[in-house]
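Here is a short tour of a single protein chain. Have a look at the sequence and the model, and then let's walk through a few places together.

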Amino acid sequence: LVVSTFHSLGVRMLREDGERLGLKPNFSILDSDDVLGVLREVGGHTDNAAARRAQWQISLWKNQGLDADAAERAAGADADAVAAARTMRAFHERLAAYQAVDFDDLIVLPLKLMQRDAEARTKWQQRFRHVLVDEVQDTNAVQYALLKELVGTHRRFTAVGDDDQSIYGWRGATLDNLKQLPADFPELKVIALEQNYRSTGHILRAANHVIAHNPKLFEKKLWSDFG
């Protein structure tokens, strides 16, 4: 049994098979401050605020599955976004020279490995015969794509999520993943977990009233035996 976050699973995959992508097994993982320092160097930023803005933009692009070329196309005529995309390209070149990755690469690179290397894809799909992913409403586009690669053709997985608890859009999470599940997996069986074992009826009636205003992907009505 393997229990992990997406990122710790990515580390495991890259330590074992990163050489297929040109990474040595002892590659370094840069933390946020390390990344900021590299971005200041390659982007010519003289202050941390500008480098931090570039860092956030690059992270959002990577969580959407965009490389530097795609990011520059997406930037269009926005001069700041174009500059960030060019900084992103130089940043990746510097990471390759350092044999290092950032936090986002721990998802991006395993996905690239699964998509480009049939032998590695078969190996990891066979290792995980069933996958359970929790809080799927908080996954981003790259994490969802990695999930689809991991379950492959056997498609044995359970996704637990709640469209009324999506709170991480600011860091790239998207409800589109929950919305896309029935389209990507038509055989999906939806089980509503409506009984609450923590709260009383008063609290749940209030919660039902609040979430009734949300656009719905999956209908539910919370209830409790606790009076």
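Where in the chain does L193 lie? Look in the loop between α9 and α10 (201-211), and you will find L193 there. Please keep in mind that this is a predicted model.

## Overall layout

Let's step back to the whole chain. The protein holds 10 helices and four strands. Read from the N terminus, its elements follow the order α-β-α-α-α-α-β-α-α-β-α-β-α-α. The C-alpha trace spans about 60 × 40 × 30 Å along its principal axes.

Among the 227 residues of the protein, 39% count as buried.

Now to the inside. In soluble globular proteins, nonpolar side chains tend to be buried together. In this model, the largest nonpolar core has 24 residues, and W124 and L150 are the ones with the most contacts inside it. Two or more residues of this core come from each of α1 (6-17), α6 (105-116), α7 (118-127), β3 (131-133), α8 (141-151) and α9. The largest share, seven residues, is given by α8.

Which residues does L150 contact, once its neighbours within four places in sequence are left aside? They are L9, M114, W124, Q125 and F128. Another core lies apart from this one; it has 17 residues, including L39, A71, V82 and A85.

## A nonpolar patch on the surface

Back to L193, this time from the outside. Is L193 buried or exposed? Its relative accessible area is 67%, so L193 counts as exposed, the cut-off being over 50%. Together with L132, V160 and I191, L193 makes a nonpolar surface patch of about 420 Å².

## Two residues with positive phi

Finally, a look at the backbone. Most residues other than glycine have a negative phi. E135 has a positive phi near 50° and is not a glycine. You can find E135 in the loop between β3 and α8. Its relative accessible area is 38%, so E135 counts as partly exposed.

R155 also has a positive phi, of about 55°, although it is not a glycine. The loop that holds R155 runs between α8 and β4. At 30% relative accessibility, R155 is partly exposed.

Definitions and conventions: Residues numbered from 1 in each chain as written. Predicted model: local features only at pLDDT ≥ 70, side-chain atom pairs only at ≥ 80, totals over all residues. Heavy atoms only, no water. Patch = residues over 30% accessible without salt bridge, like charges linked within 9 Å, V, L, I, M, F, W, Y side chains within 5 Å. Areas by Shrake-Rupley, 256 points an atom, 1.4 Å probe, with all protein chains shown as cover. Salt bridge = Lys/Arg side-chain N within 4 Å of Asp/Glu carboxyl O. Buried < 20%, exposed > 50% of the residue type's maximum accessible area, 1.4 Å probe, protein only. Core = buried A, V, L, I, M, F, W, Y, C linked by side-chain atoms within 4.5 Å. Contact = heavy atoms within 4.5 Å.
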